[in-house]
Amino acid sequence: KGLLGPGVYMSRDVKKAEHYGDVIVEAQVDIGKVALINKKGHFMQKNWAAHGFDSAWVPAQSRVGVSDLEEHCVGDARRVAPSHH
């Protein structure tokens, strides 16, 4: 469920990822059409997919979430693939 509704949650900020466990997976992500959610209570915060967006992005210091670190929510898991090194 999360801050931005259902989806795969990602962040480019390792500090954000560390909040959720000890293992961090690097991935390639096709974010598609992105909804900018830059304030708490944004009218699309939980329903951006219904407005035609593929993902939602909360920028750092936007005061939307508790951690105030950036995150993406991608609606379709097929847009996310683990990177192979």
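This is a predicted model: local features need pLDDT of at least 70, side-chain atom pairs count only at pLDDT 80 or more; totals for chains, interfaces and linings use all residues.

Me: Is R79 buried or partly exposed?
Reply: Buried means under 20% relative accessible area, and exposed means over 50%. D30 has 44% and is therefore partly exposed, while D54, at 26%, counts as partly exposed. R79 has a relative accessibility of 22%, so R79 counts as partly exposed.

Me: With which residue does the side chain of K16 meet in a salt bridge?
Reply: Side chains of opposite charge can pair when their charged atoms come close. K16 is found in helix α1 (residues 14-18), and its salt bridge has an N to O distance of 2.8 Å. The partner of K16 in this salt bridge is E71. The pair links distant parts of the chain, 55 residues apart, since K16 is in helix α1 and its partner is in strand β5 (residues 71-74), and that partner is E71.

Me: Does E71 count as buried or exposed?
Reply: The limit for a buried residue is under 20% relative accessible area, and K16, with 7%, is therefore buried. E71 has a relative accessibility of 6%, so E71 counts as buried.

Me: How many Å apart in space are K16 and L69, C-alpha to C-alpha?
Reply: Leaving aside neighbours within four places in sequence, K16 is in contact with S11, S67, L69, E70 and E71. K16 and L69 are 53 residues apart in sequence, whereas their C-alpha to C-alpha distance in space is 6.1 Å.

Me: Over the face of which residue does K33 lie?
Reply: For a charge to sit over a ring, NZ of Lys has to be within 6 Å of the ring centre. K33 lies at 4.8 Å from the ring centre, and the residue is F53.

Me: In which order do the elements of the protein chain run from the N terminus on?
Reply: The protein chain has 1 helix and 6 strands. From the N terminus on, the order of these elements is β-α-β-β-β-β-β.

Me: What radius of gyration does the protein chain have?
Reply: The C-alpha trace spans about 40 × 25 × 20 Å along its principal axes, and residues 24 or more positions apart account for 54% of the contacts with a separation of 6 or more. With 85 residues, a compact globule would have a radius of gyration near 12 Å, and the protein chain agrees with this, because its radius of gyration is 12 Å.

Me: What percentage of the accessible surface belongs to carbon and sulfur atoms?
Reply: Buried residues make up 29% of the 85 residues in the protein chain. The accessible surface of the protein chain comes to about 5,700 Å², and the part that belongs to carbon and sulfur atoms is 55%.

How values were computed:
Residues are numbered from 1 along each chain as its sequence is written. Side-chain values use heavy atoms; hydrogens and water are left out. A charge sits over a ring if NZ of Lys or CZ of Arg is within 6 Å of the ring centre and within 35 degrees of the ring normal. Helices (H or I, at least four residues) and strands (E, at least two) are DSSP runs, numbered from the N terminus. Contact means heavy atoms within 4.5 Å. The radius of gyration is taken over C-alpha atoms; the globule rule is 2.2 Å times the number of residues to the power 0.38. Buried means under 20% relative accessible area, exposed over 50%, partly exposed in between (1.4 Å probe, protein chains only). Accessible areas come from the Shrake-Rupley method with a 1.4 Å probe; for residues, only the protein chains shown count as cover. A salt bridge is a side-chain nitrogen of Lys or Arg within 4 Å of a carboxyl oxygen of Asp or Glu.
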